[in-house]
Amino acid sequence: MHDGTPTRRTVPPGTAAHPVPPDTGAGGPAGSDAEISLDLSRHTTLGLGGRASRLVTATHQHELVEMTRATPGDVFLLAGGSNVVIADSGVDATVVLIRTTGISVARDDGRALVTVEAGHPWDEVVAFCVAEGLSGLECLSGVPGSAGATPIQNVGAYGQEVAETIHSVRVLDRQRDVVVDLVPADCGFAYRTSIFKYNDRYVVLAVTFDLERSPLSAPVRYAELARSLGVTPGERVPLARAREAVLALRARKGMVLDPNDPDTRSAGSFFTNPVLSAEEFAALVERAGTTPAHWPEPDGRMKVSAAWLIEHAGFGKGYSGEHPGVAISSKHTLALTNRDTGTTAALLGLAREIRDGVLRKFGVRLYPEPVLVGCSL
């Protein structure tokens, strides 16, 4: 976490600097109960989780600010529900469903500042940028969830990471009760994390991305994607071609939401790839008797494929063990899926078995990528 004085601009909601979209009345008065189910499983891609004590919906940025300010006690913010595991017992708090939408573009000097409301579906953002000739997010096609979740998780895939293009994150700082813009240096971005993750101080309201105006993708970094495109890593390809290739790769792994495909009923990759020191990596190679799939980090550490560790610890695609209603995806070892009849308890039981099995086999501990709400490993 950044421990110096943050570089930020303090602005009240609805100022000229940051106009809040007008209230059309679609969401009802701020703080009102939404006329939708309290069953949180209906609001997650896993289809798991119990009930909320109370549930409200924010459809405009000012509603999100007002609802958060007006809610006594605990509040749980839920947008796309794609990177969260909620306990079977539910959430004993007010749940605010973030359904704010909107995209705006500014600047015209070869670059563009694209500001997106927190609740806007992420893949729609990527599709918009590709269609508008804005380069830098195309390899994040098909990632489920909302735009506001991307800085929280520092979402990344196929060689791109949102931290590389984020210009600022607009948040409600609940501690100071002000709306502020945080620049990347203040966001504590690291591999699949930020100061926003596991921290209820900030409510993400909108995200601004700084993108290149270009018909070509950013240089292709990811070897698998480069092979799929038939190019050498470092080359650039038309934006639409990059997006199509990424969507095809993700679909083959069950990572593009499809109601007819049970392998997509997941929270995405359940475990992060462990990042090991040179000494830890050497010990892993010796213990494994071979060199696992890995990627060198700029600081000399090695990022190791969690999928490789899981598979070589004896947990193959489709594995369920003694955990009814859940299983490893039949397409992608890192995804744990709900096969319609699962429970969060069963899913976490499977996750523990995998985590402990990898630890016994390789001496490497895996950590969950999704946020666990009311439950733990």
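Axes are lines fitted to C-alpha atoms, for helices over the stretch in contact, and angles run from 0 to 180 degrees between N-to-C directions. Helices (H or I, at least four residues) and strands (E, at least two) are DSSP runs, numbered from the N terminus. The model is predicted: local features need pLDDT of at least 70, side-chain atom pairs count only at pLDDT 80 or more, and totals for chains, interfaces and linings use all residues. Residues are numbered from 1 along each chain as its sequence is written, and side-chain values use heavy atoms, without hydrogens and water.

**Exercise 1.** Describe how the axes of helix α2 and helix α5 cross, and which residues make the contact.

*Solution.*
Step 1. Helix α2 covers residues 122-131 and helix α5 residues 239-252; their axes come within 9 Å and cross at roughly 150°.
Step 2. Therefore α2 is roughly antiparallel to α5, a term for angles over 145 degrees.
Step 3. In the contact (heavy atoms within 4.5 Å), α2 supplies D123, V126, A127, C129 and V130, while α5 supplies L239, A240 and R243.
Step 4. Of these residues, 6 are nonpolar (Ala, Val, Leu, Ile, Met, Phe, Trp, Tyr, Cys or Pro), 2 are charged (Asp, Glu, Lys or Arg) and none is polar (the others, Gly among them).

**Exercise 2.** Determine which strands stand at the edges of the open sheet of 3 strands.

*Solution.*
Step 1. The order is β14-β19-β18, with antiparallel pairing; two strands pair if DSSP finds at least two bridges between them.
Step 2. β14 (266-269) and β18 (326-328) each have a single partner strand, so they stand at the edges.
Step 3. Between β14 and β19 (residues 335-338) there are 2 bridges, and S266 lies opposite T337 in β19.

Technical notes: Parallel < 35°, antiparallel > 145°, perpendicular 65-115°, else oblique.
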